[in-house]
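This report goes through the chains, one ligand site and two individual residues. The sequence and structure come before the details.

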Amino acid sequence: MNPLSSEDLANIEVLKKQIKDAPKGRGQLIPLLQMAQNILGYLPDKALSLVADYLSINRSDVYGVASFYNQFRFNPPGKNPVKVCMGTACHVRGGEIILENFERKLEIKEGDTTEDREFSIERVACVGCCALAPVALVGETLHGHMAPSKVEGLVLRVQLEREKAEREAGNS
Amino acid sequence: MIILTVDGRSIQAPAGSSVLSACLFADIFIPHLCWLESDTVADAPAACRLCFVEIDGFSEPVTACTVTVENGMMVHTDTEAVRSLQKTALKLLLSVHKVDCKNCPADKACSLQDIAKFLGIGLGCKPFERVLKELDVDSRHPAFDYYPNRCVLCGLCVRICRDRHEQPMLSFAGRGFNTVVGYFAETSDTDPDCLSCRGCLDVCPTGALVEKSQV
Ligand code: SF4
Ligand code: SF4
Ligand code: FES
Ligand code: FES
(Lines give C-alpha, C1' and ligand atoms only; values in the text may rest on other atoms or scores of the structure.)
(Ligands and ions follow the chains in the order given, each with its own letter.)
Protein backbone atom coordinates (compact mmCIF):
# COMPACT_ATOMS: atom_id res chain seq x y z
CA MET A 1 0.00 0.00 0.00
CA ASN A 2 1.46 3.38 -0.99
CA PRO A 3 1.41 6.00 1.78
CA LEU A 4 -0.47 9.23 1.10
CA SER A 5 1.64 11.98 -0.48
CA SER A 6 1.31 15.63 0.46
CA GLU A 7 -0.49 16.13 -2.84
CA ASP A 8 -2.96 13.40 -1.88
CA LEU A 9 -3.58 15.06 1.45
CA ALA A 10 -4.31 18.37 -0.26
CA ASN A 11 -6.63 16.61 -2.70
CA ILE A 12 -8.46 14.95 0.14
CA GLU A 13 -9.21 18.39 1.53
CA VAL A 14 -10.59 19.35 -1.87
CA LEU A 15 -12.73 16.22 -1.86
CA LYS A 16 -14.03 17.00 1.62
CA LYS A 17 -15.18 20.43 0.42
CA GLN A 18 -16.80 19.17 -2.78
CA ILE A 19 -18.55 16.24 -1.19
CA LYS A 20 -20.45 18.51 1.17
CA ASP A 21 -22.65 19.78 -1.67
CA ALA A 22 -23.30 16.37 -3.19
CA PRO A 23 -26.74 14.78 -2.91
CA LYS A 24 -27.11 11.82 -0.55
CA GLY A 25 -28.57 8.36 -1.02
CA ARG A 26 -27.17 4.96 -1.98
CA GLY A 27 -27.55 5.80 -5.65
CA GLN A 28 -24.86 8.45 -5.25
CA LEU A 29 -22.18 5.92 -4.44
CA ILE A 30 -20.75 5.49 -7.92
CA PRO A 31 -20.90 9.20 -8.83
CA LEU A 32 -19.12 10.10 -5.59
CA LEU A 33 -16.44 7.47 -6.11
CA GLN A 34 -15.94 8.88 -9.59
CA MET A 35 -15.69 12.36 -8.15
CA ALA A 36 -13.11 11.19 -5.66
CA GLN A 37 -11.08 9.46 -8.33
CA ASN A 38 -11.23 12.51 -10.58
CA ILE A 39 -9.75 14.62 -7.82
CA LEU A 40 -7.17 12.16 -6.55
CA GLY A 41 -6.39 10.06 -9.59
CA TYR A 42 -7.13 6.95 -7.53
CA LEU A 43 -9.09 5.81 -4.50
CA PRO A 44 -6.97 5.61 -1.36
CA ASP A 45 -8.66 4.12 1.72
CA LYS A 46 -9.16 7.59 3.12
CA ALA A 47 -11.26 8.58 0.10
CA LEU A 48 -13.34 5.39 0.32
CA SER A 49 -14.05 6.10 3.99
CA LEU A 50 -15.01 9.70 3.26
CA VAL A 51 -17.54 8.61 0.66
CA ALA A 52 -18.82 5.76 2.83
CA ASP A 53 -19.31 7.93 5.89
CA TYR A 54 -20.95 10.70 3.90
CA LEU A 55 -23.53 8.27 2.50
CA SER A 56 -23.75 6.25 5.75
CA ILE A 57 -22.81 3.05 3.94
CA ASN A 58 -20.46 0.48 5.48
CA ARG A 59 -16.90 1.13 4.47
CA SER A 60 -16.29 -2.47 3.53
CA ASP A 61 -19.41 -2.41 1.34
CA VAL A 62 -18.09 0.63 -0.44
CA TYR A 63 -14.82 -1.16 -1.01
CA GLY A 64 -16.70 -4.23 -2.24
CA VAL A 65 -18.65 -2.17 -4.77
CA ALA A 66 -15.65 -0.14 -5.92
CA SER A 67 -13.54 -3.25 -6.45
CA PHE A 68 -16.23 -4.63 -8.76
CA TYR A 69 -15.55 -1.99 -11.41
CA ASN A 70 -12.51 -1.77 -13.63
CA GLN A 71 -12.75 2.01 -13.74
CA PHE A 72 -11.62 2.38 -10.14
CA ARG A 73 -8.04 2.00 -9.04
CA PHE A 74 -6.73 1.70 -5.52
CA ASN A 75 -3.15 2.70 -5.97
CA PRO A 76 -1.79 5.97 -7.30
CA PRO A 77 -1.05 6.13 -11.03
CA GLY A 78 2.68 6.38 -11.71
CA LYS A 79 4.07 9.47 -13.42
CA ASN A 80 5.12 7.12 -16.18
CA PRO A 81 2.39 4.53 -16.45
CA VAL A 82 3.69 1.46 -18.25
CA LYS A 83 0.96 -0.25 -20.25
CA VAL A 84 1.87 -3.60 -21.69
CA CYS A 85 -0.34 -4.80 -24.50
CA MET A 86 -1.90 -8.21 -23.98
CA GLY A 87 -3.95 -8.21 -27.17
CA THR A 88 -3.89 -11.33 -29.31
CA ALA A 89 -0.99 -10.33 -31.54
CA CYS A 90 1.14 -9.11 -28.63
CA HIS A 91 0.25 -12.14 -26.60
CA VAL A 92 1.41 -14.42 -29.37
CA ARG A 93 4.66 -12.47 -29.69
CA GLY A 94 5.53 -12.69 -26.01
CA GLY A 95 3.69 -9.80 -24.34
CA GLU A 96 3.65 -11.82 -21.15
CA ILE A 97 7.48 -11.89 -21.14
CA ILE A 98 7.64 -8.12 -21.61
CA LEU A 99 5.26 -7.65 -18.72
CA GLU A 100 7.38 -9.89 -16.55
CA ASN A 101 10.49 -7.95 -17.49
CA PHE A 102 8.93 -4.68 -16.44
CA GLU A 103 7.73 -6.26 -13.22
CA ARG A 104 11.18 -7.54 -12.40
CA LYS A 105 12.99 -4.36 -13.40
CA LEU A 106 10.67 -2.09 -11.41
CA GLU A 107 10.22 -4.56 -8.58
CA ILE A 108 6.45 -4.22 -8.57
CA LYS A 109 3.59 -6.37 -9.79
CA GLU A 110 1.15 -5.55 -12.53
CA GLY A 111 -1.47 -3.21 -11.06
CA ASP A 112 1.00 -1.69 -8.59
CA THR A 113 2.92 1.57 -8.38
CA THR A 114 6.55 2.06 -7.35
CA GLU A 115 7.19 3.63 -3.97
CA ASP A 116 8.44 6.88 -5.55
CA ARG A 117 5.35 6.90 -7.80
CA GLU A 118 7.50 7.18 -10.92
CA PHE A 119 6.14 4.01 -12.52
CA SER A 120 3.02 1.90 -12.49
CA ILE A 121 2.35 -1.19 -14.57
CA GLU A 122 -0.87 -2.36 -16.10
CA ARG A 123 -1.95 -4.69 -18.83
CA VAL A 124 -4.11 -3.32 -21.64
CA ALA A 125 -5.99 -4.81 -24.56
CA CYS A 126 -4.95 -4.29 -28.19
CA VAL A 127 -3.74 -0.73 -28.73
CA GLY A 128 -4.08 -0.98 -32.49
CA CYS A 129 -0.49 -1.42 -33.65
CA CYS A 130 -0.39 -5.16 -33.95
CA ALA A 131 2.22 -4.97 -36.71
CA LEU A 132 4.66 -3.70 -34.09
CA ALA A 133 3.89 -6.45 -31.59
CA PRO A 134 4.83 -6.86 -28.83
CA VAL A 135 3.92 -3.33 -27.83
CA ALA A 136 4.25 -1.32 -24.62
CA LEU A 137 3.34 2.26 -23.80
CA VAL A 138 5.42 4.30 -21.39
CA GLY A 139 3.45 7.43 -20.62
CA GLU A 140 2.01 8.50 -23.97
CA THR A 141 4.82 7.05 -26.04
CA LEU A 142 4.36 3.81 -27.86
CA HIS A 143 7.24 1.37 -28.15
CA GLY A 144 7.02 -1.40 -30.71
CA HIS A 145 8.97 -4.62 -31.16
CA MET A 146 9.62 -4.74 -27.45
CA ALA A 147 12.37 -6.96 -26.17
CA PRO A 148 13.79 -7.57 -22.71
CA SER A 149 16.84 -5.42 -23.48
CA LYS A 150 14.55 -2.55 -24.46
CA VAL A 151 12.79 -2.73 -21.11
CA GLU A 152 16.09 -1.99 -19.37
CA GLY A 153 16.77 0.89 -21.75
CA LEU A 154 13.35 2.48 -21.34
CA VAL A 155 13.40 2.45 -17.58
CA LEU A 156 16.94 3.77 -17.54
CA ARG A 157 16.06 6.56 -19.93
CA VAL A 158 13.18 7.76 -17.77
CA GLN A 159 15.41 7.68 -14.72
CA LEU A 160 18.17 9.63 -16.46
CA GLU A 161 15.73 12.22 -17.71
CA ARG A 162 14.41 12.67 -14.24
CA GLU A 163 17.88 13.09 -12.77
CA LYS A 164 18.68 15.64 -15.46
CA ALA A 165 15.51 17.57 -14.73
CA GLU A 166 16.33 17.54 -11.05
CA ARG A 167 19.85 18.83 -11.68
CA GLU A 168 18.54 21.61 -13.88
CA ALA A 169 15.98 22.55 -11.29
CA GLY A 170 18.76 22.63 -8.71
CA ASN A 171 20.98 24.85 -10.87
CA SER A 172 18.45 27.50 -11.69
CA MET B 1 -44.30 -28.71 16.01
CA ILE B 2 -44.31 -29.88 12.43
CA ILE B 3 -44.00 -33.56 11.61
CA LEU B 4 -42.35 -34.60 8.39
CA THR B 5 -40.79 -37.73 6.96
CA VAL B 6 -37.16 -37.80 5.90
CA ASP B 7 -35.77 -40.90 4.23
CA GLY B 8 -38.63 -42.90 5.68
CA ARG B 9 -38.07 -41.62 9.20
CA SER B 10 -40.55 -39.37 10.97
CA ILE B 11 -39.00 -36.25 12.51
CA GLN B 12 -40.24 -33.13 14.28
CA ALA B 13 -39.25 -29.54 13.74
CA PRO B 14 -40.48 -26.16 14.96
CA ALA B 15 -42.82 -24.41 12.54
CA GLY B 16 -41.00 -22.04 10.22
CA SER B 17 -37.70 -23.90 10.25
CA SER B 18 -36.00 -24.93 7.05
CA VAL B 19 -35.80 -28.51 5.86
CA LEU B 20 -32.04 -28.23 6.26
CA SER B 21 -32.11 -27.26 9.91
CA ALA B 22 -34.85 -29.83 10.65
CA CYS B 23 -32.70 -32.61 9.17
CA LEU B 24 -29.47 -31.48 10.81
CA PHE B 25 -31.15 -31.34 14.22
CA ALA B 26 -32.48 -34.84 13.67
CA ASP B 27 -28.94 -35.97 12.88
CA ILE B 28 -29.61 -36.49 9.21
CA PHE B 29 -26.62 -35.03 7.44
CA ILE B 30 -27.06 -32.90 4.35
CA PRO B 31 -23.90 -31.36 2.90
CA HIS B 32 -23.91 -27.58 3.26
CA LEU B 33 -21.36 -24.76 3.38
CA CYS B 34 -23.11 -21.42 3.25
CA TRP B 35 -25.69 -21.83 6.01
CA LEU B 36 -25.57 -20.35 9.51
CA GLU B 37 -27.58 -21.90 12.31
CA SER B 38 -29.46 -18.65 12.79
CA ASP B 39 -30.57 -18.52 9.13
CA THR B 40 -34.26 -18.52 8.37
CA VAL B 41 -35.50 -19.67 4.99
CA ALA B 42 -35.55 -16.04 3.92
CA ASP B 43 -32.00 -15.23 5.10
CA ALA B 44 -30.27 -18.25 3.61
CA PRO B 45 -28.08 -17.10 0.74
CA ALA B 46 -28.34 -20.55 -0.92
CA ALA B 47 -24.99 -19.93 -2.51
CA CYS B 48 -23.09 -23.18 -2.19
CA ARG B 49 -25.66 -25.35 -3.99
CA LEU B 50 -24.80 -28.39 -1.89
CA CYS B 51 -27.86 -28.91 0.30
CA PHE B 52 -30.12 -30.39 -2.37
CA VAL B 53 -32.92 -32.78 -1.43
CA GLU B 54 -35.93 -34.14 -3.27
CA ILE B 55 -39.36 -33.46 -1.85
CA ASP B 56 -42.55 -35.19 -3.03
CA GLY B 57 -44.62 -32.73 -5.00
CA PHE B 58 -41.59 -30.79 -6.30
CA SER B 59 -40.63 -31.68 -9.84
CA GLU B 60 -36.92 -31.05 -9.27
CA PRO B 61 -34.42 -31.23 -6.41
CA VAL B 62 -34.50 -28.12 -4.19
CA THR B 63 -32.04 -26.51 -1.78
CA ALA B 64 -33.06 -27.64 1.71
CA CYS B 65 -31.99 -24.33 3.27
CA THR B 66 -34.66 -22.40 1.37
CA VAL B 67 -37.71 -24.63 1.91
CA THR B 68 -39.91 -24.35 5.00
CA VAL B 69 -41.03 -27.57 6.70
CA GLU B 70 -44.68 -28.56 6.32
CA ASN B 71 -46.76 -31.22 7.95
CA GLY B 72 -46.65 -34.48 6.06
CA MET B 73 -43.74 -33.46 3.86
CA MET B 74 -41.86 -36.37 2.33
CA VAL B 75 -38.16 -35.55 1.98
CA HIS B 76 -35.47 -37.71 0.34
CA THR B 77 -31.86 -36.79 0.96
CA ASP B 78 -30.19 -39.72 -0.75
CA THR B 79 -31.48 -40.01 -4.31
CA GLU B 80 -29.34 -40.37 -7.38
CA ALA B 81 -30.27 -36.92 -8.67
CA VAL B 82 -29.36 -35.31 -5.33
CA ARG B 83 -26.00 -37.01 -5.06
CA SER B 84 -25.09 -36.20 -8.61
CA LEU B 85 -25.86 -32.51 -8.09
CA GLN B 86 -23.87 -32.47 -4.86
CA LYS B 87 -20.86 -34.12 -6.43
CA THR B 88 -20.88 -31.64 -9.28
CA ALA B 89 -21.21 -28.69 -6.90
CA LEU B 90 -18.33 -29.93 -4.79
CA LYS B 91 -16.14 -30.56 -7.82
CA LEU B 92 -16.81 -27.06 -9.08
CA LEU B 93 -15.65 -25.70 -5.73
CA LEU B 94 -12.59 -27.91 -5.85
CA SER B 95 -11.82 -26.79 -9.40
CA VAL B 96 -10.81 -23.40 -8.01
CA HIS B 97 -9.18 -24.84 -4.92
CA LYS B 98 -5.54 -25.50 -4.21
CA VAL B 99 -5.83 -28.92 -2.65
CA ASP B 100 -2.74 -29.29 -0.51
CA CYS B 101 -4.16 -30.69 2.70
CA LYS B 102 -0.83 -31.72 4.15
CA ASN B 103 0.24 -28.10 4.34
CA CYS B 104 -3.13 -26.71 5.34
CA PRO B 105 -4.06 -25.89 8.92
CA ALA B 106 -7.63 -27.10 8.30
CA ASP B 107 -6.49 -30.64 7.49
CA LYS B 108 -8.75 -33.15 9.28
CA ALA B 109 -11.13 -30.38 10.38
CA CYS B 110 -12.23 -29.24 6.95
CA SER B 111 -15.78 -29.21 5.64
CA LEU B 112 -14.62 -29.95 2.10
CA GLN B 113 -12.86 -33.10 3.25
CA ASP B 114 -15.89 -34.11 5.29
CA ILE B 115 -18.32 -33.57 2.44
CA ALA B 116 -16.10 -35.39 -0.06
CA LYS B 117 -15.83 -38.31 2.31
CA PHE B 118 -19.57 -38.30 2.91
CA LEU B 119 -20.21 -38.37 -0.86
CA GLY B 120 -17.60 -41.07 -1.31
CA ILE B 121 -15.42 -39.08 -3.70
CA GLY B 122 -11.90 -37.69 -3.54
CA LEU B 123 -10.73 -34.09 -3.71
CA GLY B 124 -10.17 -34.12 -7.48
CA CYS B 125 -12.26 -32.00 -9.82
CA LYS B 126 -12.46 -34.06 -13.03
CA PRO B 127 -13.84 -33.41 -15.59
CA PHE B 128 -13.39 -29.74 -14.71
CA GLU B 129 -10.12 -27.98 -15.26
CA ARG B 130 -8.42 -26.60 -12.18
CA VAL B 131 -8.01 -22.80 -12.29
CA LEU B 132 -6.20 -21.09 -9.45
CA LYS B 133 -5.88 -17.44 -8.54
CA GLU B 134 -2.50 -15.83 -8.89
CA LEU B 135 -2.39 -14.40 -5.40
CA ASP B 136 -1.65 -17.13 -2.92
CA VAL B 137 -1.98 -15.21 0.29
CA ASP B 138 -3.24 -11.78 1.29
CA SER B 139 -1.69 -10.61 4.55
CA ARG B 140 -3.33 -7.23 4.98
CA HIS B 141 -5.74 -8.16 7.71
CA PRO B 142 -4.30 -7.56 11.19
CA ALA B 143 -5.60 -10.80 12.69
CA PHE B 144 -5.42 -13.36 9.89
CA ASP B 145 -3.86 -14.22 6.56
CA TYR B 146 -6.31 -14.94 3.76
CA TYR B 147 -5.67 -17.73 1.24
CA PRO B 148 -7.90 -17.08 -1.80
CA ASN B 149 -7.21 -20.51 -3.26
CA ARG B 150 -8.60 -22.23 -0.19
CA CYS B 151 -11.69 -20.03 0.03
CA VAL B 152 -15.01 -21.43 -1.17
CA LEU B 153 -16.69 -18.01 -1.02
CA CYS B 154 -19.37 -19.37 1.26
CA GLY B 155 -19.66 -15.88 2.70
CA LEU B 156 -19.92 -17.00 6.31
CA CYS B 157 -17.05 -14.78 7.45
CA VAL B 158 -18.52 -11.75 5.71
CA ARG B 159 -21.91 -12.37 7.26
CA ILE B 160 -20.60 -12.98 10.78
CA CYS B 161 -18.56 -9.80 10.65
CA ARG B 162 -21.65 -7.94 9.46
CA ASP B 163 -23.87 -9.38 12.19
CA ARG B 164 -21.48 -8.55 14.97
CA HIS B 165 -20.02 -5.18 14.08
CA GLU B 166 -21.52 -1.91 13.15
CA GLN B 167 -18.56 -1.15 10.92
CA PRO B 168 -17.75 -4.58 9.45
CA MET B 169 -14.34 -5.08 7.89
CA LEU B 170 -15.08 -7.87 5.43
CA SER B 171 -16.91 -7.88 2.13
CA PHE B 172 -16.71 -9.67 -1.15
CA ALA B 173 -14.40 -7.82 -3.50
CA GLY B 174 -13.71 -8.11 -7.21
CA ARG B 175 -15.99 -10.09 -9.47
CA GLY B 176 -16.36 -13.32 -11.38
CA PHE B 177 -13.51 -15.77 -10.96
CA ASN B 178 -11.50 -13.04 -9.27
CA THR B 179 -13.93 -12.62 -6.40
CA VAL B 180 -12.22 -12.73 -3.03
CA VAL B 181 -13.02 -11.84 0.53
CA GLY B 182 -11.85 -8.25 0.78
CA TYR B 183 -10.72 -6.47 3.85
CA PHE B 184 -11.19 -2.82 4.48
CA ALA B 185 -10.08 -0.76 7.43
CA GLU B 186 -8.74 2.70 7.08
CA THR B 187 -6.01 2.32 9.65
CA SER B 188 -3.53 -0.50 9.41
CA ASP B 189 -2.83 -1.01 13.09
CA THR B 190 -4.31 -4.09 14.66
CA ASP B 191 -7.89 -3.62 15.54
CA PRO B 192 -8.22 -5.13 19.01
CA ASP B 193 -11.81 -5.98 18.18
CA CYS B 194 -10.79 -8.61 15.65
CA LEU B 195 -8.65 -10.57 18.05
CA SER B 196 -11.32 -10.70 20.70
CA CYS B 197 -14.12 -11.45 18.21
CA ARG B 198 -12.58 -14.18 16.02
CA GLY B 199 -16.00 -14.70 14.45
CA CYS B 200 -14.63 -15.16 10.94
CA LEU B 201 -11.85 -17.47 12.02
CA ASP B 202 -14.22 -19.71 13.91
CA VAL B 203 -16.85 -19.92 11.21
CA CYS B 204 -14.64 -20.56 8.17
CA PRO B 205 -15.26 -24.13 6.98
CA THR B 206 -11.88 -24.37 5.21
CA GLY B 207 -8.30 -23.30 5.78
CA ALA B 208 -8.76 -19.96 4.03
CA LEU B 209 -8.38 -17.83 7.15
CA VAL B 210 -5.28 -18.50 9.19
CA GLU B 211 -4.65 -16.64 12.38
CA LYS B 212 -1.42 -14.70 12.27
CA SER B 213 1.03 -16.36 14.58
CA GLN B 214 1.42 -14.24 17.67
CA VAL B 215 4.80 -12.60 17.72
S1 SF4 C 1 -9.11 -26.20 2.85
FE2 SF4 C 1 -9.58 -28.38 3.23
S3 SF4 C 1 -9.50 -29.33 1.19
FE4 SF4 C 1 -8.48 -27.33 1.06
S5 SF4 C 1 -6.30 -27.79 1.36
FE6 SF4 C 1 -7.18 -27.21 3.36
S7 SF4 C 1 -7.75 -29.17 4.28
FE8 SF4 C 1 -7.46 -29.57 2.10
S1 SF4 D 1 -12.73 -17.19 4.01
FE2 SF4 D 1 -13.72 -19.05 4.80
S3 SF4 D 1 -15.65 -18.32 5.68
FE4 SF4 D 1 -14.90 -16.68 4.38
S5 SF4 D 1 -15.89 -16.99 2.38
FE6 SF4 D 1 -13.89 -18.05 2.30
S7 SF4 D 1 -14.30 -20.15 2.92
FE8 SF4 D 1 -16.10 -18.94 3.55
S1 FES E 1 -2.41 -6.89 -29.91
FE2 FES E 1 -0.98 -5.50 -29.12
S3 FES E 1 -1.25 -3.83 -30.44
FE4 FES E 1 -2.76 -5.20 -31.16
S1 FES F 1 -26.56 -24.51 2.48
FE2 FES F 1 -28.20 -24.47 1.09
S3 FES F 1 -27.22 -23.70 -0.70
FE4 FES F 1 -25.59 -23.62 0.79
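This is a predicted model: local features need pLDDT of at least 70, side-chain atom pairs count only at pLDDT 80 or more; totals for chains, interfaces and linings use all residues.

## Fold of chain B

Along the principal axes, the C-alpha atoms of chain B occupy a box of roughly 55 × 40 × 30 Å. Of the 215 residues in chain B, 47% are buried. When contacts between residues at least 6 apart in sequence are considered, 59% of those in chain B link residues at least 24 apart. Chain B has an accessible surface of about 11,100 Å², and carbon and sulfur atoms account for 52% of this surface.

## Ligand 1

The shell around ligand 1 is drawn from chain B and includes three cysteines, Cys101(B), Cys104(B) and Cys110(B). His97(B), Lys98(B), Asp100(B), Ala106(B), Asp107(B) and Gln113(B) also belong to the shell, as do Thr206(B) and Gly207(B).

By residue class, the shell around ligand 1 consists of four nonpolar, four polar and three charged residues.

## His141(B)

Where in chain B is His141(B)? The residue sits in the loop between α3 (111-119) and β6 (144-146). Is His141(B) buried or exposed? With a relative accessible area of 4%, His141(B) falls under the 20% cut-off and is therefore buried.

Apart from neighbours within four places in sequence, His141(B) has contacts with Leu170(B), Tyr183(B), Cys194(B) and Lys212(B).

## Domains of chain A

Chain A splits into domain 1, covering residues 6-68, and domain 2, covering residues 80-171. The centres of domain 1 and domain 2 of chain A, taken over C-alpha atoms, are 30 Å apart.

## Asn80(A)

Asn80(A) belongs to strand β1 of chain A, which spans residues 80-85. Because buried means under 20% relative accessible area, Asn80(A) counts as buried at 17%.

Which residues are in contact with Asn80(A), leaving aside its neighbours within four places in sequence? They are Glu118(A), Phe119(A) and Ser120(A), together with Val138(A), Gly139(A) and Val158(A).

Methods
Residues are numbered from 1 along each chain as its sequence is written. Chains are lettered from A and ligands numbered from 1 in the order in which they are written. Side-chain values use heavy atoms; hydrogens and water are left out. Domain bounds come from an automatic or database domain assignment. A residue is near a molecule or strand if one of its heavy atoms lies within 4 Å of it. Ala, Val, Leu, Ile, Met, Phe, Trp, Tyr, Cys and Pro count as nonpolar, Asp, Glu, Lys and Arg as charged, and the others, Gly among them, as polar. Buried means under 20% relative accessible area, exposed over 50%, partly exposed in between (1.4 Å probe, protein chains only). Contact means heavy atoms within 4.5 Å. Accessible areas come from the Shrake-Rupley method with a 1.4 Å probe; for residues, only the protein chains shown count as cover. Helices (H or I, at least four residues) and strands (E, at least two) are DSSP runs, numbered from the N terminus.
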